[in-house]
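Trainee: Could we go through this one together, term by term? I would like to see what stands behind each word.

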Amino acid sequence: MPPMAFQGIVTKAGFMNKTATITVSRWVIHNITGKRIERSKKFLVHDEKNELRKDDIVTIRNCPPISALKRFKLENIIKSPERELAKARLADIQLTQSTSSSTLQS
């Protein structure tokens with residue numbers, strides 16, 4: 001199989017151990033009408049560290065078969081809304097702690 005890499009969105013994660021479902025979408029032009037149509041396909045992806053969460057944007061790459069349905073491995077996580085939210089909350093907590101400690105000192 002030739003090397004393939006796709007970018008997709010995690011639609012299901014955490015239900016199967018070390019496995020996530022990724023939806024890869026692409027646009028095609030209809031032969032008769034000429035309109036753009038969105039086509040999508042779901043892939044089962046091997047996630048060794050169980051680090052994927054729903055709505056993450058990831059890159060996957062094909063590999064030798066891992067199980068009956070898994071033919072792709074996680075290459076990298078491009079964007080993770082849940083992690084970005086956690087980082088923002090942590091930064092907010094640190095900001096409030098630093099301002100509260102400075103008010104206590106004065």
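Mentor: Gladly. Let's begin with a definition: buried means under 20% relative accessible area, exposed means over 50%, and partly exposed lies in between (1.4 Å probe, protein chains only). Keep in mind that this is a predicted model, where local features need pLDDT of at least 70, side-chain atom pairs count only at pLDDT 80 or more, and totals for chains, interfaces and linings use all residues. Residues are numbered from 1 along each chain as its sequence is written, and side-chain values use heavy atoms, with hydrogens and water left out.

Trainee: Why is threonine 19 called buried?

Mentor: Its relative accessible area is 10%. The cut-off is under 20%, so threonine 19 counts as buried. Threonine 19 sits in strand β2; strands are DSSP runs of E, at least two residues, and helices are runs of H or I, at least four, both numbered from the N terminus.

Trainee: What is threonine 19 in contact with, leaving aside neighbours within four places in sequence?

Mentor: Contact means heavy atoms within 4.5 Å. By that rule, threonine 19 touches Gly14, Leu44, Val45, Asp47, Asn50 and Lys70.

Trainee: Which residues make up the largest nonpolar core?

Mentor: A nonpolar core is a set of buried Ala, Val, Leu, Ile, Met, Phe, Trp, Tyr and Cys residues joined through side-chain atoms within 4.5 Å. The largest one here has 11 residues: Val10, Ala20, Ile22, Val24, Phe43, Val45, Leu52, Val58, Ile60, Phe72 and Leu74. In soluble globular proteins, nonpolar side chains tend to be buried together.

Trainee: How do you know that β4 and β5 pair?

Mentor: Two strands pair if DSSP finds at least two bridges between them. β4 and β5 are joined by 6 bridges and run antiparallel; arginine 61, for one, has lysine 73 in β5 as its bridge partner.
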